[in-house]
Amino acid sequence: MQKFFEFINQLDRRIIFIFVALAIILPLLFPLNIKFTVTEPVRGFYEAIDKVPNGSKVLFACDFEPGSLPELYPMTYAALEQMLKKDLKIIALSLWPAGPPLVEKALTDMAQNEFKRKYGVDYVNLGFKEGREVVMVSMGSSIPNTFPQDYRGTKVSQIPIMQGVNNFKDVKLIVNISAGYPGTKEWVQQVQARYNIGLVSGCTAVSAPEYYPYYQSKQLLGLLGGMKGAAEYEILVNRIGLGRRGMDAQSMAHVIIFLFILLGNLAYFSLKKKGT
Amino acid sequence: MSYEILGVWVAAFFTLCIFSFLYRDNFFYKLAEHIFVGISAGYGVALQIENVLKPNLFKPLFQEGKMLLIIPFILSALLFSRLYSKISWLSRWALALLIGIFSGAAIIGFASGDLILQINANLLPLKTNSFLTTFNNFILTFGLITCLLYFFFSKEHKGGFGFVTKLGIYFLMISFGASFGYTVMSRMSLLIGRVYFIFGQWLGIIQ
Amino acid sequence: MRKEVPLIITFLAGAFFIADYFIPHTGFSDLAAKINGWAIIVLAASYILGVLNILRINYGRVAKREKDWILKLILVLCMFFMLGAGIFGGITEGTLFDWFFVNTFTPMQATMFALLAFYIASAAFRAFRVRTVQAALLAITAVLVMIGRVPIGETIWKSFPDFTEWIMNVPQLAGKRAILIGAALGAIATGLKVITGLERTYMGQD
């Protein structure tokens, strides 16, 4: 046993890497389909969108980059599905430089190809604007002045969906998908508190604990935390995406980490006891 | 071979290049790293020009004649004085505008969005009809107060005060533990995404 | 001129931003919006400065044939290629610029972040030692959240997700809210110090 713990104590990190890789790869190749239920913050996200009257305009702020796609793309697609089913008019934008092409692809896949909606009439991608929270405040004064043209270079005055949209008062809800700064925290601080508008957030799991106070204080009406949040949300919108498909791998990976923490501690205390 | 399939192969090559770092630092990783920095720098500037500078500065200033925009134009030009040490102090004028606005935004945002509303949200009734709600409200109130007392460094943390602040540390540890759990979740999800790309989009083993 | 003007600009910009929150006058808001628009432009322009800096640093290394100079050259060429593709060919879907974004930038950034999964596992194994009460609380909460938030936790114990939600909504939240309030006070104090000129390290050395 002593030798085993010594071996564990000096384990090459690459052996840990192999176990982590296997914990992810095997469940993806051989799914276990472990069932799970929907938690309250996720239900809040779904219900907030559900309560928006059909045909209303919503702001879809996709503040992310490729680095967090596996967590945020599934919820982006699921949110688009729910919004498009309700015939909501989507005004999308991104405050992260690498966001607009990702938003464009999601909109093309969902709005154009799956739901056969018309660009400029049912949805628009305003693209990117530098300035983080300053852009948010600027949009509070005038969205067309902040975004004079969309991602494709068309003047917003010539885009039908943007007619009558001047500031946040002209949209019913803000749906934010956030990878960090700028993101949900800034939308809460600069927009929700200032303009008293409904806000829901889908965020990376790293940021989720930080946003729980906002959810409890009702500054956020709903919260999707990471891929698990996306998976629960996919259940509600009846969609099978990467969120649900990835849950078995997520479970196994967490079990592996837990076992490594346990082993590490057993080895540490066992060797400490023996004074090694 | 279509551009789409070629794209998947290129993406797979770079994915494996980056993953090769797990074994040890090597030429393929370095190559991918440098290409990544180059591509992202070029991407960033092209996007800033196309999505920000053209629609918000060049078009309105030079085509629509909105002359007031000469001010940000000059301030932007001053930024480049940083490249010449003798006049680099001029760039401070542009920086000062940004620092001032972001400081103002921080004050307003943190005061109205965080401070007041978060304190308000924690003013919870300690006597309700439900035992669980009362219990939770008590823990929340007690936990918040002890944590805030822990952040108070003007008084030495010993005696009765030290005991209370120690309880504050315990709440903070629970908070950090939860954050760590969620961080693990986040990182694993990112790996799931890449594995899904390799075995799904590239090799076609997973549907 | 070197210090006074930036201090005045900082004060005016910051004070104006704050005043805009309290003064619901259309003319005032319009002016504030204009100034915000200027900040957006200056920030975007700073990216060009960043690229010039990359160019300056790497040009020197390539010219002197320093170690890995070929890689530095590749970096600069990739930068110019992407810049040219975006400016001359457009940035929207279906362009060369977009193809390179999707097939090079996206997989590389996503994989770099994915690497962290391996290192966090290794770090958890080596650093998570339950030596004190605080460390025990941290480790136990981490494990409960890790297992309770994934489907396997629900299989082990049906109420695990509810219990995890309770941790997140009650004890975890107390700590996070305290940090939030502390950080808010800190940010407000720092903001005021900057606007009033008490904090001026952002101006650097003369």
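This is a predicted model: local features need pLDDT of at least 70, side-chain atom pairs count only at pLDDT 80 or more; totals for chains, interfaces and linings use all residues.
Local features need pLDDT of at least 70, side-chain atom pairs count only at pLDDT 80 or more, and totals for chains, interfaces and linings use all residues. Residues are numbered from 1 along each chain as its sequence is written, while chains are lettered from A and ligands numbered from 1 in the order in which they are written.

**Confidence and domains**

The predictor gives the complex an ipTM of 0.94 and a pTM of 0.95. Chain C averages a pLDDT of 93, and 99% of its residues score at least 70. Here pLDDT is the predictor's confidence in each residue, from 0 to 100.

Chain A is assigned domain 1 (2-27 + 250-273) and domain 2 (40-243). Such bounds come from an automatic or database domain assignment. The C-alpha centres of domain 1 and domain 2 of chain A are 39 Å apart.

**Chains B and C**

In the interface, 97 residues of chain B are in contact with 99 residues of chain C. Contact means that C-beta atoms, placed from the backbone, lie within 7 Å. H2(B) gives the largest share of the chain B side, 24 residues. That side divides into 68 nonpolar, 22 polar and seven charged residues. Ala, Val, Leu, Ile, Met, Phe, Trp, Tyr, Cys and Pro count as nonpolar, Asp, Glu, Lys and Arg as charged, and the others, Gly among them, as polar.

Helices (H or I, at least four residues) and strands (E, at least two) are DSSP runs, numbered from the N terminus. The 20 residues of H5(B) should span 28 Å at 1.5 Å a residue, and its end C-alpha atoms are 28 Å apart, which agrees. The expected span is 1.5 Å times one less than the number of residues. Among the buried residues of H5(B) are Leu140(B), Gly143(B) and Tyr150(B). Their cover includes H6 of chain B together with helix H8 (171-195) of chain C.

**Two residues**

A residue is buried if 20 or more other C-beta atoms lie within 10 Å of its own, exposed if 12 or fewer, and partly exposed in between; C-beta atoms are placed from the backbone. Tyr214(A) sits in helix H9 (residues 208-216) of chain A. Arg131(C) lies in the loop between helix H4 (96-127) and helix H5 (133-148) of chain C.

| Residue | Other C-beta atoms within 10 Å | State |
|---|---|---|
| Tyr214(A) | 29 | buried |
| Arg131(C) | 12 | exposed |

Beyond its neighbours within four places in sequence, Tyr214(A) is in contact with Val188(A), Gln219(A) and Leu220(A). Tyr214(A) and Val188(A) are 26 residues apart in sequence and 8.0 Å apart, C-alpha to C-alpha.

Notes:
Two residues are in contact if their C-beta atoms, placed from the backbone, lie within 7 Å.
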